[in-house]
Amino acid sequence: MKHTVLITGAAGYVGSMLVQQLGKREDVERIIGLDKESMPELLKDEAKLEYIHANLADGSWQDAVKKAAPTVIIHTAWQIRMLYGHNDTTWKWNVDGSKALFDVAFALPSVERLVHFSTVSLYGAYPTNTFEHRFREDEPMREMEYLYGVEKKVAEEELTKVVAAAAGTGPKVAVVRPAAITGPRGRFMRIRFGLQAALSGQLKGGIYGLVSALVSLVPATKGWVRQFIHEDDVVDLVTMLSFEPWKGERMEIFNITPPGKPVYAEDMARAVGKKTLPIMPWMARVAYFFFWHGTRGKIPTAPGSWRFYSYPIVVDGTKLTRLWGYQYQHESFDAFYYTDGRYESFVPSEAKRSKS
């Protein structure tokens with residue numbers, strides 16, 4: 001069977017990788033890329049790609065998508081960074097845009113699979129969380145303040161309603177909740193403000209240079225921890241969920257993060273060649289407040305996000321292995337530290353760290 005794949009957020013980090021990798025498959029005939037941003041240069045030579053420059057929330061794309069009759073829809077589009085003073089705009093783009101996509105996915109008979117990107121943030125970072133407890137997919141979505149997590153939670157709730165209303169018809173649905181996605185492409189081809197870029201000194205100029213100077217040590221609370229998933233794992237497991245024979249219920253939710261040890265503050269400091277600086281959660285909260293309002297959101301320390309720097313969220317990503325047999329290629333620390341992967345050729349030779 002020849003597939004037509006719709007990828008929302010096609011200009012973004014994950015979306016553009018999916019365009020490139022799925023374009024190599026013989027059973028993929030067309031890729032419809034949809035994004036509110038213009039087509040990036042790195043996708044200009046993708047022969048199978050047809051690009052729709054539109055925002056999911058603007059109502060301008062539905063006719064073109066219906067005409068294309070996609071068999072697979074992969075929803076990666078999201079305004080992750082809050083727009084300072086414009087929460088309503090972010091909500092419209094993300095939540096209302098997702099609702100519009102879900103409606104189309106379940107109205108089109110051609111659609112067989114829908115893969116929706118969510119986040120582990122929706123479990124909520126609270127003082128009662130521990131390093132030992134690994135959140136599973138059947139546990140409550142508890143986030144109430146950090147807009148990114150709240151929006152993802154609401155989008156999942158809306159998708160669940162759509163699936164229930166379809167009463168056994170429509171596409172099979174996979175919801176993936178990734179930990180922090182990283183890899184050579186994310187670290188060296190798309191340098192943007194984030195934890196890794198700040199701690200490794202990749203941010204240059206202006207206020208970003210100040211941030212790099214302030215983190216000459218790695219500030220860390222007692223509850224600081226991260227899980228990372230390699231970008232190649234993300235692409236491969238999404239490909240599997242999109243094309244392989246379906247396993248499980250009509251809608252399945254998967255935490256996607258490798259098993260094993262997460263990355264603790266000491267590991268992060270060692271990876272970037274620094275020492276840790278112990279801080280209290282209230283210090284993180286004050287710093288996040290100052291940077292958010294002092295830079296009017298240019299430094300993305302949105303309300304509620306300080307808790308994710310202060311309290312642990314560790315998730316269990318083994319369901320995908322138990323149900324689908326997926327074997328992760330890279331452990332958490334390896335994904336963050338080494339440069340192995342499909343995009344290693346883009347890493348400067350002096351920066352390469354190959355585990356193999």
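These are my notebook entries on a predicted model of one protein chain.

**Ground rules.** I number residues from 1 along each chain as its sequence is written, and I use heavy atoms for side-chain values, with hydrogens and water left out. Since the model is predicted, I ask for pLDDT of at least 70 for local features and count side-chain atom pairs only at pLDDT 80 or more, while totals for chains, interfaces and linings use all residues.

**Whole chain.** I looked up the secondary structure and found 13 helices and 15 strands in the protein chain, where helices (H or I, at least four residues) and strands (E, at least two) are DSSP runs numbered from the N terminus. The radius of gyration is 20 Å, close to the 21 Å that the globule rule gives for 356 residues, so the chain is as compact as a globular protein of that length; the radius is taken over C-alpha atoms, and the rule is 2.2 Å times the number of residues to the power 0.38. Along the principal axes, the C-alpha atoms fill a box of roughly 55 × 45 × 40 Å. I noted that 56% of the 356 residues count as buried, with buried meaning under 20% relative accessible area, exposed over 50% and partly exposed in between (1.4 Å probe, protein chains only). Among contacts (heavy atoms within 4.5 Å) between residues at least 6 apart in sequence, 76% join residues at least 24 apart.

**H1 against H8.** How do helix H1 and helix H8 pack? I read an angle of about 60° between H1 (residues 13-22) and H8 (residues 231-243), with their axes 10 Å apart; the axes are lines fitted to C-alpha atoms, for helices over the stretch in contact, and angles run from 0 to 180 degrees between N-to-C directions. From H1, the contact is made by Tyr13, Val14, Met17, Leu18, Gln21 and Leu22, and from H8 by Glu231, Val234, Val235, Val238, Thr239 and Phe243. By class, I have nine nonpolar, two polar and one charged residues in this contact, taking Ala, Val, Leu, Ile, Met, Phe, Trp, Tyr, Cys and Pro as nonpolar, Asp, Glu, Lys and Arg as charged, and the others, Gly among them, as polar.

**Buried residues.** I looked up His116 in strand E5 (residues 113-117) and found it buried, with a relative accessible area of 0%. Leaving aside neighbours within four places in sequence, His116 is in contact with residues including His75, Trp78, Phe102 and Glu156.

Trp292, in helix H10, counts as buried at 5% relative accessibility.

Gly223 lies in the loop between strand E9 (218-220) and strand E10 (225-226), and at 11% relative accessibility I count Gly223 as buried. Beyond neighbours within four places in sequence, Gly223 is in contact with Phe131, Ser310, Tyr311 and Pro312.

**Positive phi.** I checked Ala167, where phi is near 50°, a positive value in a residue other than glycine; Ala167 sits in the loop between helix H4 (147-166) and strand E7 (172-178) and is exposed, with a relative accessible area of 64%. Arg296, also not a glycine, has a positive phi of about 55°; I place Arg296 in the loop between helix H10 (281-294) and helix H11 (307-310), and Arg296 is exposed at 58% relative accessible area.
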